[in-house]
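User: I'd like to learn how to read side-chain pairing and packing in a model. Can you take me through it one feature at a time?

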Amino acid sequence: MAKTDVTLIGAGLVGALLATLLAQRGFSVTVYERRRDPRVAGYAGGRSINLALAERGLHGLRLAGMTDTVMKLAVMMRGRMVHHRDGHAELLRYGRDDSEVIWSVSRGRLNMALIEAAENAGARFEFDRRLTGARFGDGAVLAFENEGGEAFEQRAPFAIGADGAGSALRAAMNAAHPLGERIEPLGHGYKELEIPALPDFPATSLPPDAAEALARGERFAIEPNALHIWPRGNYMCIALPNAEGSFTVTLFLPNEGNPSFATVDSPAAARTLFERDFADALPLLPDLENDFAANPVGVLATLYLDRWHLDGKALLVGDAAHAIVPFHGQGMNCGFEDAVELADLFAANPGDVAAVFADFERRRRPNAEAIAAMALENYVEMRDSVADPAFLLRRELGRVLAQRNPERFVPRYSMVTFTRMPYAEAFSRGASQERLLRQLTEGRTRLDEIDLADADAKVRREIEPLAS
Ligand SMILES: Cc1cc2nc3c(=O)[nH]c(=O)nc-3n(C[C@H](O)[C@H](O)[C@H](O)COP(=O)(O)OP(=O)(O)OC[C@H]3O[C@@H](n4cnc5c(N)ncnc54)[C@H](O)[C@@H]3O)c2cc1C
């Protein structure tokens with residue numbers, strides 16, 4: 001039987017995993033990518049040097065047979081290390097123990113490993129091919145350009161757009177048949193900075209504790225196995241570890257107001273902000289001014305579409321269909337779930353592409369909308385609530401109720417991060433749990449003021465048992 005041809009646009013994280021999964025199932029896959037081959041030309045990043053990988057993403061990598069390769073590149077993060085204004089830091093564990101953790105991986109290395117895996121599985125890559133437009137009739141006619149400005153046209157029975165938040169395939173689909181696109185800017189942006197690996201610190205600016213750690217042969221200037229957060233109310237800094245010992249620091253600020261990227265608009269202004277608000281982080285950032293000047297302010301927005309496909313001719317996946325803000329660390333994880341689900345649907349029904357696309361959208365869109373909402377809520381949690389005693393009491397009670405009622409109560413962060421429960425279900429269960437936690441902690445400041453037997457009874461009354 002002839003193999004079904006699948007044409008993908010974009011060899012980013014989602015496109016490369018989807019290519020692997022489809023090629024492994026016997027499809028004949030061709031991927032067109034705007035950039036040059038990163039394995040030859042070096043990875044041209046542009047955005048978040050590292051990413052948090054969680055269970056949903058790991059599941060996709062497992063199916064592709066890539067866990068060993070990827071875990072060699074990963075650094076475990078057990079929880080949030082919260083750095084308070086007074087300089088003290090505390091670890092808020094994500095899960096019960098080290099079986100419930102997330103992993104920091106390099107975007108570039110992960111992307112290259114995925115491209116390699118896809119090629120080994122039989123997928124074909126055409127690099128330096130930027131999609132510039134598409135027409136849809138009896139199939140799709142795709143227009144490409146290379147860096148030298150040469151134009152190419154390619155016919156395909158259908159095309160799948162994994163070309164990211166600014167998807168050119170989405171623009172062409174939208175022009176042919178409006179998709180109901182809405183882009184909601186967050187009103188906050190981000191800037192990346194770096195804590196170097198200890199051996200790379202300029203000798204004159206080694207922080208005192210770090211000098212001792214370096215003498216012991218250590219590479220990380222701060223705790224490696226955590227996602228560090230400096231929450232400051234309306235804004236924050238975070239830092240994720242890189243395998244070689246550095247940390248990628250991301251400063252999130254509003255675009256307007258004070259402080260914002262409108263007022264913190266120069267390296268000198270960045271130093272003043274850090275001296276005032278992130279004093280304990282400042283000694284860790286010897287290149288603050290240079291990084292601030294060199295790196296752009298990244299834009300953050302949520303993309304909503306009423307429609308992800310044009311019948312059997314085109315489909316969007318990953319960020320091209322549902323770009324979200326990064327505060328739950330789930331954009332790639334959600335895109336990897338897309339890849340697994342789409343590959344399964346194709347394998348089950350290869351002869352009816354229109355049905356596969358419609359089914360994919362029906363199953364995935366409610367889940368994408370749920371994680372989009374949870375990611376927006378998590379920004380408030382990270383930058384503000386982790387320093388709020390009422391939030392911390394609800395969190396502590398949630399963990400106790402989860403231990404006492406494991407068949408019903410699972411903290412929302414855990415459902416999203418450590419399970420593959422559909423996001424929409426995690427969202428609605430999380431809302432019921434949160435209502436209960438607010439009711440049980442109202443007027444209380446300590447856990448021992450709460451009647452746990454009564455709380456258990458309420459859990460049994462108000463929270464549905466988990467599906468086994
Ligand atoms: C600051 C930040 C931090 C993040 N942190 C996390 C995290 O911790 N965990 C997590 O799960 N997610 C995170 N994300 C989200 C994650 O980066 C995205 O969800 C993920 O990259 C989506 O993958 P994708 O393949 O759909 O798109 P992309 O990664 O954007 O890949 C798109 C690919 O298409 C190519 N392309 C684009 N246009 C064209 C064209 N016209 N023709 C041909 N090729 C084209 C691009 O070159 C690229 O290779 C973060 C995002 C940001 C902005």
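Analyst: Let's start with one arginine: R446 is partly exposed, with a relative accessible area of 46%. Buried means under 20% relative accessible area, exposed over 50%, and partly exposed in between (1.4 Å probe, protein chains only). Keep in mind that this is a predicted model, where local features need pLDDT of at least 70 and side-chain atom pairs count only at pLDDT 80 or more, while totals for chains, interfaces and linings use all residues. Residues are numbered from 1 along each chain as its sequence is written, and side-chain values use heavy atoms, with hydrogens and water left out.

User: Which residue forms a salt bridge with R446?

Analyst: A salt bridge is a side-chain nitrogen of Lys or Arg within 4 Å of a carboxyl oxygen of Asp or Glu. Here the partner of R446 is E449, with the closest N and O atoms 3.7 Å apart. E449 is partly exposed at 30% relative accessibility.

User: How many salt bridges does the structure hold?

Analyst: There are 36. Some share partners: R56, E337, D338, E341, R363 and R364 are joined that way into one network. Take E341 and R364 from that group, whose closest N and O atoms lie 3.8 Å apart. This pair links distant parts of the chain, 23 residues apart, with E341 in helix α11 (residues 331-348) and R364 in helix α12 (residues 353-383). Helices are DSSP runs (H or I, at least four residues), numbered from the N terminus. R364 counts as buried, at 3% relative accessibility.

User: What about α3, is it enclosed or open?

Analyst: Seven of the nine residues of helix α3 (residues 55-63) are buried, so the rest of the structure largely encloses it. The buried ones are E55, R56, G57, L58, H59, G60 and L61. E55 also pairs with R62 in a salt bridge (3.0 Å, N to O), and R62 is partly exposed at 39% relative accessible area. After α3 comes G65, with a positive phi near 75°.

User: And how do I read the nonpolar packing?

Analyst: In soluble globular proteins, nonpolar side chains tend to be buried together. A nonpolar core is a set of buried Ala, Val, Leu, Ile, Met, Phe, Trp, Tyr and Cys residues joined through side-chain atoms within 4.5 Å. The largest one here has 76 residues, and V29, L142, I160 and F346 have the most contacts inside it. Helix α1 (residues 13-24) supplies the largest share, nine residues. A second, separate core of 33 residues includes A52, Y94, I371 and V416.

Terms used:
Helix = DSSP H or I, 4+ residues; strand = E, 2+ residues; numbered from the N terminus.
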